[in-house]
Amino acid sequence: MAVIFDKPRSLTDVPFSFCGGCAHGIVHTLVAQTMDELEITDKTIGIASVGCSVMAYNFFACDMQQAAHGRAPAVATGVKRVHPDRMVFTYQGDGDLAAIGTAETIHAAARSENITIIFINNAIYGMTGGQMAPTSLLGQVTQTTPKKRTVESQGYPLRVSELLSTIEGSTYIERCAANNVKNIRATKKAIKKAFEIQKQGGGFSLVEVLSNCPTNWVMSPKASMDWIESDMMPCYPLGVYCDKSAERGVKFDA
C-alpha cells in the first residue's frame, strides 16, 4: 500500500502534550515538514519560548534552546551570530511575543536579523490560565476581562504583522491561519518561504498563524476553528504584509 502521509522525520516520537483540538500540533507538523523538505534538520536550532510552546524542545528533532519569557528573538539573534551557518527559528505565542517580548521582536526586525519567527496568535494567554493578551479581541471575555475587553479599559488589540511590516528591516511578514485545509496549506507554504529566505541570507521573517485555544475560549475544537473565521479574521486579515525577498537577493525555485 502506498504511503500517502507519514510523520515528519523532524518530529520526535514524543506525543504532543497540547490540549485536545489545539492547532499547535498542526503548526509543529508544518515546521517539521519544512525542515524535512529543505533537508536542514541537522543544521537547525530552534528557540522555545515560554507558554504553551515551552515544550517545543521535546517535539522537534533538531537542536533546541530554551529562552526566558519574551526573549526568544534576542536568544535567536545571539545563536545566529555565533553560528551563521545554522538555520535558527523561534516558536512563540502572543503572550510571549506581543507582550513581554515586544521590544525584542521589534528590534530584531529593525536589525533585519537573519532569523525566522513562527508566531502563534490565539488571542489569549493559554498556558497560564486564559488571561487577556495584547491580541485579545475587543469584546472578548478572558480571565482578566470577565466583562469583555473594551477600548476604554484595555485599549485596542495589537496587530503584529501590520506593525512589523512598517519596519524597514523586515523582509517577509505574512499572516496565515490553521483552521481549515486550505489555510493550513497556505501556512505551510509561508513557513517554507520564510525558512528559504533565511537559508539565502535574506534577513528577518515572521509568519503569524491564527490559531485556537478551545480550553480557555471554553469552546469545542470545531467551534473554536469556526471562531477563528468568524471573529479573528475580521480583526486580523490574512495576507502578505511585507515581502522584500526579491530585492534582498532571494530566489525561489519556479
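**Exercise 1. Work out which residues cover each face of strand 6, and whether the strand is enclosed or open, in this predicted model.**

Step 1. Start by sorting the side chains by face: F204, L206, E208 and L210 lie on one side of strand 6, with S205, V207 and V209 on the other.

Step 2. Next, check burial, where the cut-off is under 20% relative accessible area. The residues on both faces of strand 6 are all buried.

Step 3. Now put this together. Seven of the seven residues of strand 6 (residues 204-210) are buried, so the strand is largely enclosed by the rest of the structure.

**Exercise 2. Find the strands that pair with strand 6, and say how they run.**

Step 1. Look at strand 4 (residues 116-121): six bridges join it to strand 6, and the two run parallel. Within this pairing, T116 stands opposite S205.

Step 2. Turn to strand 5 (residues 170-177), which is joined to strand 6 by seven bridges, again in parallel. Here C176 stands opposite V209.

**Exercise 3. Describe the surroundings of T90.**

Step 1. Ask how accessible T90 is: its relative accessible area is 0%, so T90 is buried.

Step 2. List the neighbours. Leaving out residues up to four places away in sequence, T90 touches I47, A72, P73, A76, T116, I117 and I118.

Step 3. Finish with the polar partner: the side chains of T90 and Q92 make a polar contact at 2.8 Å.

Notes:
Residues are numbered from 1 along each chain as its sequence is written. This is a predicted model: local features need pLDDT of at least 70, side-chain atom pairs count only at pLDDT 80 or more; totals for chains, interfaces and linings use all residues. Side-chain values use heavy atoms; hydrogens and water are left out. Buried means under 20% relative accessible area, exposed over 50%, partly exposed in between (1.4 Å probe, protein chains only). A polar contact is a pair of N or O atoms within 3.5 Å; within protein, one must be able to donate a hydrogen and the other to accept it, and residues adjacent in sequence count only if both atoms are side-chain atoms. Contact means heavy atoms within 4.5 Å. Helices (H or I, at least four residues) and strands (E, at least two) are DSSP runs, numbered from the N terminus. Two strands pair if DSSP finds at least two bridges between them.
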